[in-house]
Amino acid sequence: MTYYEAVHKALSCLEKHQVPDADIDALLLLQSVCGITRARYYACAGDTIPESDFARYMELVDLRSQRIPLQHLTGEQEFMGLSFHVCEDVLSPRQDTEILVEEALKRVRPGDRILDLCTGSGCILISLLKLGKDLEGTGSDLSRKALRIARENADRNQVEASFICSDLYAEISDLPFDMIVSNPPYIESGKIPELMEEVRDHEPRLALDGGADGLDLYRRIVPESMAHLKEGGWLIVEIGYDQGEAVRSMFVDNGYSDVHVMKDLGGNDRVVLGRKTIV
């Protein structure tokens, strides 16, 4: 069995089970198992694949056919050009969330202190600490399993950060912060059964369920943030595509200025940000 034949066997299996982007997944799983790059695959496509690698490869293909997320099988996801370990205990980083990080990087200054609520894998906070300059960061999450992954990702990316098990601000005492960021759960409870199998069945519901209208966490994050931000500090949150006006209104009603709704690459509302008014 050559590498080329193995990939096409895998592709046939994935397509049979209607796995999205089957061709991409077939190659990425091979790269993960065999430890080769895409370029190396094309160079050695006609070579014989080791039997042990082929057996492991087809095991993962079978799992992917059962809609186990690709990231859970490879154990990693790229975000902001960095590598993050992911598993069923955390939400896999999405490209849309990079918009939040990019907007935050435009506003942080050397020496700023950042609080990341619902940190999950830690991808937002760690990216800011890695790509920013002389920043300090704290990540909070209600899930101890998620915090374990976040700490591992901080080590993986060689950044120093503090991680606290906390229901949003409840255990946060090291005040105040120059910036608060968050990608909280924002899916409406009733819509979770409609999500893709990979998300609905294999990602933590705690990281998805935002209550009846998806806005439960924002109703706490926005008003309570005022007590945790310095004057002139920024609050930046990710939102669902149809939540821009509702969350923007929360910012305005709670005294934020310079409030903006930013769109993602697909043209959907994705981030709301505002500044604590300087008195």
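Predicted model: local features only at pLDDT ≥ 70, side-chain atom pairs only at ≥ 80, totals over all residues.
Is N153 buried or exposed? I looked it up: N153 is buried, at a relative accessible area of 0% (buried means under 20%, exposed over 50%, partly exposed in between, with a 1.4 Å probe and protein chains only).

Residues are numbered from 1 along each chain as its sequence is written, and side-chain values use heavy atoms, with hydrogens and water left out.

Next, the surroundings of N153. I find N153 in helix α8, residues 144-156 (helices are DSSP runs of H or I, at least four residues, and strands are runs of E, at least two, numbered from the N terminus). A polar atom of the N153 side chain sits 2.6 Å from the backbone nitrogen of H85. Setting aside neighbours within four places in sequence, I list S83, F84, H85, S121 and I126 as contacts of N153 (contact means heavy atoms within 4.5 Å).

Then I turned to helix α6, residues 98-107. Its buried residues are E98, I99, L100, V101, E103 and A104. I see the buried residues of α6 packing against β1 (76-79), α7 (123-131), β6 (177-182), β7 (229-238), β8 (256-263) and β9 (269-276).

Last, a helix pair. α1 (residues 3-16) and α4 (residues 51-65) have axes that come within 9 Å and cross at roughly 20° (axes are lines fitted to C-alpha atoms, for helices over the stretch in contact, with angles from 0 to 180 degrees between N-to-C directions). I note A6, V7, K9, A10, C13 and L14 of α1 meeting F54, Y57, M58, V61, R64 and S65 of α4.

Note on methods. Polar contact = N/O pair within 3.5 Å; in protein donor to acceptor, adjacent residues only side chain to side chain.
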